[in-house]
Amino acid sequence: LATDQEVLGSNPSRRTKKMNILNKKINKILFFSFLIKLIFVIFFHEKFLSDEWGILFQNFNNFKSYSYYVFENQDIPSSYLPPLYLIFIYINKILSFGKINFLYLIYFNQILISTFTVYLFYELCKNFLKERFSLLGALIFSVFPLIVYSNGLISSACLQLFFYLLFINLFLKIFTNNFSIKNLFFLAIISALTLILRGEFLIILLFSLIYITATNKRKVTQVISILTLTIILVSPYLVRNYINTGKLHLVNVTGYALWKGNNQFAKVEGFHNPLHPNSREDWPKYKEFLGLYEKLDKIDKDKKYEINRDKIFKEEAISNITLDKKKYLVLYIKKIFSYYFLDINSSLKNYYNPAHVIPILLFSICSIPGSIIGLKKIKDSKITYIFLLTCFLTSFIAIFFILPRYKISIISSQILFSLFFFEYLFEKYIKKKS
């Protein structure tokens, strides 16, 4: 049997001391991350609730219901967006006790969540990289402009990244023999919460469960258990939606999202006007949209308004794609490129700010050779899973439209794969010389 000395190395006290130093380093990075984000958000943040979240919040205050549309002072139960971020907003409003602007509390809590997300990314890196490069990854992740910027937005992006990395870290344990009942329950809870935060997480969850089933048939029981528990946990919201619309669903925006990215005037970033019925006079006067407008105007203003509206958008989008397959195929390819790399024709303000463009390009480009290096070096089903999930997400999101913050879904894997490339360069050109 190995002695304690052999297990710990030639100098156990020295090794323990070294690990303590490394632990101190990650703590310093987390503190630095918190500080950077706090300073940034003090100067750059949204001043008020606007767009969808503003409407949902106002209607909740007025009608005590989750409603996006109101007609003649009658609220229409909504599933336009999943409700968890509105719950987050409202909890912060309650905790403000009316003493401070609750938006400041939202931003502060998003900074805390984002800081812990840095640690989750550090833990993800440790699955594949040495401590030195895991710490480097945490440092890069903590100051990455897109991630820092998301802390000052009234947007689910910050929470999305937190839950996404929490899910990935938990899911990677299923590849090992250390996946406990506790892990299974926790994974199901995180999956359910993420589903009522971002509807597209459903495809991440299904892809993940299918992948583990295909690569390890012995995990089928665990996969079924995770899926069953997740459905049970999210079922109250599903039942609520079914009662209101007669249709079992998580979100009711798929048709509009498809049309927004696939209409006569759509670009990579989609079509900016939400065509909300309460601002009917502001709808663009495009003759190509007159037929669509006529259909929207005729929808009955009842509980099924939202689902019927989304159906019209879906049919219109499919018709557009069917009538001009070549145009929308080219647009789809552009959206893939823009999502993974950069939108070269963006009309969004400050999109081409060097602080945004340079890191986005650097890590998206470096992730290509990095993914090849990582797959060759590790030859592990876990890294293959992350690679295929990134490819799948890129191809799926591009079906709809691309906004800068959507890159949140793949930025962690791009940084991870770039670290493989940096590690390769370090070992080949720097470590050898020293």
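Contact means heavy atoms within 4.5 Å. The legends below describe a predicted model, in which local features need pLDDT of at least 70, side-chain atom pairs count only at pLDDT 80 or more, and totals for chains, interfaces and linings use all residues. Residues are numbered from 1 along each chain as its sequence is written, and side-chain values use heavy atoms, with hydrogens and water left out.

Figure 1. Helices (H or I, at least four residues) are DSSP runs numbered from the N terminus. Gln110 counts as buried (under 20% relative accessible area, with a 1.4 Å probe and protein chains only), because its relative accessibility is 0%. Leaving aside neighbours within four places in sequence, Gln110 is in contact with Tyr85, Phe88, Ser150, Asn151, Leu153, Ser155, Cys158 and Leu159. Gln110 and Leu159 are 49 residues apart in sequence, while their C-alpha atoms are 7.4 Å apart in space.

Figure 2. The expected span of a helix is 1.5 Å times one less than its number of residues. Leu84, Tyr85, Leu86, Phe88, Ile89, Tyr90 and Asn92 are the buried residues of H4. These buried residues pack against helix H3 (51-63), helix H5 (102-126), helix H8 (157-172) and helix H9 (181-195). After H4 comes Phe97, which has a positive phi, near 55 degrees.

**Figure 3. Ile89 within helix H4.** Ile89 is buried, with a relative accessible area of 0%. Not counting residues up to four places away in sequence, Ile89 touches Leu49, Trp53, Phe57, Phe102, Ile106 and Ile154. From Ile89 to Leu105, the C-alpha to C-alpha separation is 9.2 Å in space and 16 residues in sequence.

**Figure 4. Phe167 in the largest nonpolar core.** A nonpolar core is a set of buried Ala, Val, Leu, Ile, Met, Phe, Trp, Tyr and Cys residues joined through side-chain atoms within 4.5 Å. The largest such core has 133 residues, of which Phe167, Tyr385 and Leu416 touch the most other members. H8 provides the largest share of this core, 13 residues. Apart from residues up to four places away in sequence, Phe167 touches Leu187, Ile190, Ser191, Phe201, Ile204, Leu205, Ser208 and Tyr385.

**Figure 5. Helix H9 and its residue Thr194.** H9 has 15 residues and reaches 21 Å from its first C-alpha to its last, close to the 21 Å expected at 1.5 Å a residue. Its buried residues are Asn183, Leu184, Leu187, Ala188, Ile190, Ser191, Ala192, Thr194 and Leu195. H8, H10 and helix H11 (220-245) are among the elements that cover them. Thr194 counts as buried because its relative accessibility is 2%. Not counting residues up to four places away in sequence, Thr194 touches Phe163 and Phe201.

**Figure 6. The second largest pocket.** On a 1 Å grid over the protein atoms alone, a pocket is an open set of points with protein on both sides within 12 Å along at least five of seven lines, a cavity is a set of points where a 1.4 Å probe fits but cannot get out, and lining residues have an atom within 4 Å of a point. Grid points are joined across faces, edges and corners, and a volume is the space filled by probe spheres set on the points. The second largest pocket has a volume of about 280 Å³. Its lining has 15 residues, of which Leu120, Glu123, Asn169, Leu170 and Lys173 lie nearest its centre. H5, H8 and H9 are the elements that give two or more residues to this lining.

**Figure 7. The second largest cavity.** The count comes to four cavities of 30 Å³ or more. The second largest cavity has a volume of about 90 Å³ and is lined by Gln160, Leu161, Tyr164, Thr194, Arg198, Glu200, Phe201, Ile204, Ile408 and Ser409. H8, helix H10 (201-215) and helix H18 (408-430) each supply at least two residues of this lining; H8 gives the most, with three residues.

Conventions: Buried means under 20% relative accessible area, exposed over 50%, partly exposed in between (1.4 Å probe, protein chains only).
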